[in-house]
Number of protein chains: 2
Amino acid sequence: MARAWSLHSRPEGMPKHTDFAMIDVAPAALGDGEVRIANRWLSVDPYMRGRMNDVKSYVPPFALGEPMQGGAVGEVIESRADAVPVGTWVQHMGGWRDEAVMPAAQVQRLPDLGVDPQAFLGQLGMPGMTAYFGLLAVAEAKAGDTVFVSAAAGAVGSTVVQIAKAKDMTVIGSAGGADKCDWVRSLGADAVIDYKAGEPLVKALAAAAPKGIDVYFDNVGGDHLDAALAHARPNARFAICGMIDVYNSGEPTKLRYLARLIGNRVRMQGFIVSDHMARAAEFYDDMGAMLKAGTLKREETVHDGLEAMPDAFLGLFTGGNKGKMLVRL
Amino acid sequence: MARAWSLHSRPEGMPKHTDFAMIDVAPAALGDGEVRIANRWLSVDPYMRGRMNDVKSYVPPFALGEPMQGGAVGEVIESRADAVPVGTWVQHMGGWRDEAVMPAAQVQRLPDLGVDPQAFLGQLGMPGMTAYFGLLAVAEAKAGDTVFVSAAAGAVGSTVVQIAKAKDMTVIGSAGGADKCDWVRSLGADAVIDYKAGEPLVKALAAAAPKGIDVYFDNVGGDHLDAALAHARPNARFAICGMIDVYNSGEPTKLRYLARLIGNRVRMQGFIVSDHMARAAEFYDDMGAMLKAGTLKREETVHDGLEAMPDAFLGLFTGGNKGKMLVRL
């Protein structure tokens with residue numbers, strides 16, 4: 001019997017283990033054009049928190065009592081689609097479960113880039129594309145720019161740091177705790193701010209970027225965003241990718257430096273990665289080459305077994321991951 | 001003896017009359033290339049509040065005890081510059097005084113558009129250019145868009161309403177009090193929100209723009225900005241022109257809907273009008289034609305006499321003006 005995680009109740013604030021329930025999924029015969037996939041790697045990502053609320057957004061909310069969705073990589077074990085035969089490794093959105101039945105049109109065969117399959121849930125997947133297009137397309141960052149990135153030890157942030165360094169930018173990252181900060185420094189960041197060290201971010205960023213910043217890549221919101229506003233240089237560009245600070249708290253964001261937008265002609269641009277899917281080939285070319293050349297370091301925090309999915313997910317909000325958070329089946 | 005207003009003390013919060021002092025200016029002989037101007041109209045504008053703080057910004061702070069600067073229109077009464085003879089009407093930044101001595105290179109001859117000279121401090125001046133380029137260039141508003149503009153009874157906002165209507169947009173304006181709201185409606189606004197009526201702006205905007213907004217022209221910040229974020233449609237563009245709500249209070253802005261930026265790919269762009277000066281000819285052509293044709297209605301709130309400058313300026317922050325606030329000498 002296949003098993004899947006379902007949302008048992010809609011969380012108020014920080015989700016709890018009791019908001020999730022494992023359910024059995026009755027075995028389904030394949031329809032024409034469908035494949036059965038044994039999932040090998042499951043992804044947990046901060047954006048999933050939004051789908052737990054009953055609010056219309058760019059992705060629909062999870063239905064209570066139904067299998068949840070999310071990024072997954074696995075191997076086709078049964079096929080009624082000629083284009084995707086048994087043995088093919090694919091990525092798809094039928095995650096949070098050990099086995100998925102999907103129309104072949106909704107799975108992507110993993111490109112042959114000579115990297116581990118789980119990389120397609122990280123640097124070669126949604127988080128990597130988010131970092132790549134957020135930095136280069138949305139924020140239009142270019143060589144010589146000073147870039148500030150929050151949650152720089154996360155899956156997206158750590159990739160932003162490395163792409164920025166590979167493209168000759170100056171990079172300041174923030175992360176929580178000495179261990180993560182050391183790691184972000186080892187990725188090439190020119191300066192690292194430990195946001196748990198107690199110094200106000202506005203002061204810490206002033207020291208790290210005495211001439212201000214040209215680009216801010218926001219994964220956090222709140223005080224991080226405010227500090228970036230305080231130190232934005234003229235014509236700075238902010239790519240607003242996530243606001244993990246408010247996903248659970250529901251508290252309003254307090255910005256003391258918002259009016260700086262005006263005099264400094266700052267652009268804040270919210271984005272979601274799927275808008276950039278049409279440029280996936282360019283992304284695989286550039287990022288695949290950097291990964292194979294060793295320019296990009298991959299780091300994963302791995303939990304084992306389907307049972308661990310809620311632990312892995314909740315860990316995203318308590319700083320439990322370095323690099324990409326994954327569950328291995 | 002010429003007279004000028006000087007800043008006597010840097011205001012904390014809302015400026016007081018005692019922050020201003022009238023000073024005598026000793027008569028200066030003209031240098032080569034200079035002109036003496038008898039000012040006829042003086043401008044007061046919200047951005048001047050920022051220059052009263054001792055903070056580096058896109059315009060330098062006012063020096064204590066020195067004549068303040070600001071937009072002015074006047075007549076040349078003495079000239080040592082061939083290009084600008086006696087009798088020429090000009091606009092320049094030597095305001096807050098009855099007589100100005102300026103290098104001819106720093107004054108602009110009023111273009112002959114067949115309108116009253118004080119229009120060059122309003123719809124044909126800085127506020128008009130702010131409205132025009134903020135709406136059309138920064139926010140890229142186009143026919144069919146739904147536009148929300150705050151402080152819609154102000155010099156900039158009332159011009160935004162009218163340009164937007166002239167270019168076939170749907171317009172929602174906010175203003176304080178029934179009288180101003182009636183006036184904004186008379187300018188062609190499709191819906192008007194009285195922000196003093198007690199209904200939360202988020203609710204009022206939901207009713208006025210049930211399908212959401214494509215463009216927000218922000219003169220106010222604070223709750224207005226938050227309401228605009230709550231109702232932004234996908235790919236909405238916000239032109240951030242002013243935040244009169246925070247100029248005096250110094251309080252942080254609380255935004256409950258900021259994370260909506262992400263899913264809706266909202267762009268917030270701060271701007272200052274001087275970046276668009278290179279396109280002044282296009283502006284005079286288009287706006288001059290609309291003014292002459294009567295497509296744009298001009299409204300002025302006029303104070304008389306140099307003594308009235310602080311009253312006029314302070315009135316900007318207490319809702320004392322419909323249209324452009326001016327002082328006539």
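Mentor: Two residues count as in contact if their C-beta atoms, placed from the backbone, lie within 7 Å. By that rule, in this predicted model, 27 residues of chain A are in contact with 28 residues of chain B.

Trainee: Which elements give two or more residues to the side of chain A that touches chain B?

Mentor: They are strand 13 (253-255), helix 8 (260-263) and strand 14 (267-270) of chain A, and strand 14 of chain A gives the most, with four residues. By class, the residues on this side of chain A divide into 14 nonpolar, eight polar and five charged.

Trainee: What is the strand order in the open sheet of 12 strands?

Mentor: The order is 10(A)-9(A)-8(A)-11(A)-12(A)-14(A)-14(B)-12(B)-11(B)-8(B)-9(B)-10(B), and the pairing is mixed. Neighbouring strands of this sheet are turned by 15° against each other on average, with direction ignored.

Trainee: Why are strand 10 of chain A and strand 10 of chain B called edge strands?

Mentor: Each of them, strand 10 (191-194) of chain A and strand 10 (191-194) of chain B, pairs on one side only.

Trainee: How do you know that strand 8 of chain A and strand 11 of chain A pair?

Mentor: At least two bridges are needed, and strand 8 (residues 146-149) and strand 11 (residues 213-218) of chain A share three, in the parallel sense, so they count as paired. Val147(A) stands opposite Val215(A) of strand 11 of chain A.

Trainee: Which strands does helix 6 of chain A lie across, and which does helix 2 of chain B lie across?

Mentor: Helix 6 (residues 222-230) of chain A lies across strands 8, 9, 11 and 12 of chain A, running at about 170° to strand 11 of chain A. Helix 2 (residues 126-138) of chain B lies across strands 11, 12 and 14 of chain B, at about 150° to strand 12 of chain B.

Trainee: Which residues have the most contacts inside the largest nonpolar core?

Mentor: That core has 210 residues, and Leu135(A) and Leu135(B) have the most contacts inside it. Leaving aside neighbours within four places in sequence, Leu135(A) is in contact with Ala141(A), Val160(A), Ile163(A), Ala164(A), Phe217(A) and Ala239(A).

Trainee: Why is Lys196(B) called partly exposed?

Mentor: A residue is buried with 20 or more other C-beta atoms within 10 Å and exposed with 12 or fewer; Lys196(B) has 14, which falls in between, so Lys196(B) is partly exposed. Lys196(B) lies in the loop between strand 10 and helix 5 (201-208) of chain B, and, not counting residues up to four places away in sequence, Lys196(B) touches Gly176(B) and Gly177(B).

Trainee: How many residues of domain 1 of chain A are in contact with domain 2 of chain A?

Mentor: The domain assignment gives domain 1 (2-122 + 299-328) and domain 2 (126-274) of chain A, and 18 residues of domain 1 are in contact with 18 residues of domain 2. The side of domain 1 of chain A that touches domain 2 of chain A has six nonpolar, seven polar and five charged residues.

Technical notes: Residues are numbered from 1 along each chain as its sequence is written. Chains are lettered from A and ligands numbered from 1 in the order in which they are written. This is a predicted model: local features need pLDDT of at least 70, side-chain atom pairs count only at pLDDT 80 or more; totals for chains, interfaces and linings use all residues. A nonpolar core is a set of buried Ala, Val, Leu, Ile, Met, Phe, Trp, Tyr and Cys residues joined through C-beta atoms within 7 Å. Axes are lines fitted to C-alpha atoms, for helices over the stretch in contact, and angles run from 0 to 180 degrees between N-to-C directions. Domain bounds come from an automatic or database domain assignment. Ala, Val, Leu, Ile, Met, Phe, Trp, Tyr, Cys and Pro count as nonpolar, Asp, Glu, Lys and Arg as charged, and the others, Gly among them, as polar.
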